[in-house]
Structures are given as structure tokens and as C-alpha cells.
Amino acid sequence: YRLSQKIEGASFACCIARFSRSQVMKASAPDQWDKLEVCPLGVDPEVFAPRHIAAGGRFEILCVGGLVPAKGQSILLAAAAILIERGRDVHVSLVGHGPGRAVFEAVTARLRLDDRVTFHGAVTQDRIRDYLEPADVFVLPSFAEGVPVALMEAMAMEIPCVSTFVGGIAELIQSGENGILVPPSDPDLLADAIEKLIADPGLRVRLGREGRRTVISRYNLRSNVELKASIFDRRLK
């Protein structure tokens, strides 16, 4: 709201991604663009350390995010139905709350997924590891995003991630290298990506390890707090 006026009145502004910077540039005059710094968010890789990988059992799919249409949980539910139809034994855990819960519960019932989907509701930050630990894959099928911290947390724990080519996600995940990205809104392509991981444990391990390397090198909370401090120091002199 009134972003251009806010940028004009600011000495500088920190954006969490190049994509975010582009959106601020779109809303402001070119003579203001040199005020815009990029300083990514981050997570503590010691808190979100690699988890023990349990062998066998039902394939656990985790999605953490607000229960709102933009997060795309309805696409994940449709993809789960496709995977079950293909004979894959999957379970979906949805962590988060929001006004869309009733809609997603209705989708779950319509797709006859009641015994395959668990709504966990809101979870405090100190408990989120408990839900990440058993996950075989973390899926965030969003329609719009910045650079989600939820993805960083999963990647730091070496959980392979599947997400979409939207917003700043492609700055975090390079598809096929440290995760898998698919176009948004397509349950078939999302199901294909998840099934690829189900069928290839070695790929899950490789993507998980590369995901953690990415977080340590570019989304380490301590390093990025120091980066922000240096920006403030330079800009406020």
C-alpha cells in the first residue's frame, strides 16, 4: 500500500530476494532503485540439522503453510489422489491454519482421501521439527511466493523438496540439483515429481544433501543477519 511513497521516503530498503526487489522496482521510480538492497532470509542449520531417515512404510508427504488458496494445497490433494490411483501408498500431512481449511477438508472428502490426509492445524515454531522429522518429501505447491522459510527448514534437514516455478522459489531451488520444481496448478505434473522421488531413494538422498548445502552457503541465518548488519552500517554512515 503506497509502496512508491514509502520508497521515496526511505533511505534504503532490504528485499529478501531478487524477485522481491523486482516487484519493488515495478512499484517505484527508476531513480529510487539504487536504494534497494537484497538480503535473503535464513534458518539455523544447527537447529534444523539432518534427521534420521526411517526405512520403509507409507510414503510421508508434508506441506507446511497457511491454509489459503495461494499455497496450492488443493493441487497437492489432487496429486495425492492420482498417486493412490497409481498404486502408491502415500499419506499427506498439512501443517498450518487459515480460512481455507473447510475448503480443503471438502476437497479431501470429495477425493475420498480422509484416511490419507491429516490436518494438524497451527504448530508453534518450537514444534515444527517434530513434523519435519518423519517426512519423506516436503511439498509446497504454491501459486505465489517470495522465498519460503518453510522450504529452507526442510532443505536444511536434508528433506527433498518439490515446489513450483513462482516468485522467488527458483532462487532457492534449482530444479534437478537441490530439489524439483514444477509449474503451478498442475496436479499431474506434481504427482509425477513426487512419484519420481518415491521410486528413487538415491535421488531423495542426493537432492536432500544438496538442499542442505544450499541453505548453509546462501540461507544461513547467522550469515544473513551479519549481511543485514553490514548493509545498515554502510547505509547509515
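Predicted model: local features only at pLDDT ≥ 70, side-chain atom pairs only at ≥ 80, totals over all residues.
Reader: How are helices α3 and α4 oriented to each other, roughly parallel or roughly perpendicular?

Author: Helix α3 spans residues 73–85 and helix α4 spans residues 101–110, and their axes lie 10 Å apart. The two pack at an angle of about 15°. Angles under 35 degrees count as roughly parallel. The orientation of α3 and α4 is therefore roughly parallel.

Reader: How many charged residues are in the contact of α3 with α4?

Author: From α3, the contact uses Gln 73, Ser 74 and Leu 77, and from α4 it uses Phe 104, Val 107 and Thr 108. Sorted by class, these give 3 nonpolar and 3 polar residues. The number of charged residues is none.

Reader: How are α8 and α9 oriented to each other, roughly parallel or roughly perpendicular?

Author: Helix α8 covers residues 187–199 and helix α9 covers residues 201–218; their axes come within 5 Å. The crossing is at roughly 105°. Angles from 65 to 115 degrees count as roughly perpendicular. The orientation of α8 and α9 is therefore roughly perpendicular.

Reader: Which side chain makes a polar contact with the side chain of Ser 93?

Author: Leaving out residues up to four places away in sequence, Ser 93 touches Glu 60, Ile 61, Leu 62, Cys 63, Thr 118 and His 120. A polar contact at 3.2 Å joins the side chain of Ser 93 to the side chain of His 120.

Reader: How many residues of helix α6 are buried?

Author: Helix α6 runs over residues 149–156 and is mostly covered. Its buried residues are Ala 150, Leu 151, Met 152, Glu 153, Ala 154, Met 155 and Ala 156. Among the elements that cover them are β3, α5, β7 and α9. Of the 8 residues of α6, the number buried is 7.

Reader: Which residue just after α6 takes a positive phi?

Author: The phi in question is about 65°. The residue with this positive phi, just after α6, is Glu 158.

Note on methods. Residues numbered from 1 in each chain as written. Heavy atoms only, no water. Axes fitted to C-alpha atoms, helices over the stretch in contact; angles between N-to-C directions. Helix = DSSP H or I, 4+ residues; strand = E, 2+ residues; numbered from the N terminus. Parallel < 35°, antiparallel > 145°, perpendicular 65-115°, else oblique. Contact = heavy atoms within 4.5 Å. Nonpolar A, V, L, I, M, F, W, Y, C, P; charged D, E, K, R; others polar. Polar contact = N/O pair within 3.5 Å; in protein donor to acceptor, adjacent residues only side chain to side chain. Buried < 20%, exposed > 50% of the residue type's maximum accessible area, 1.4 Å probe, protein only.
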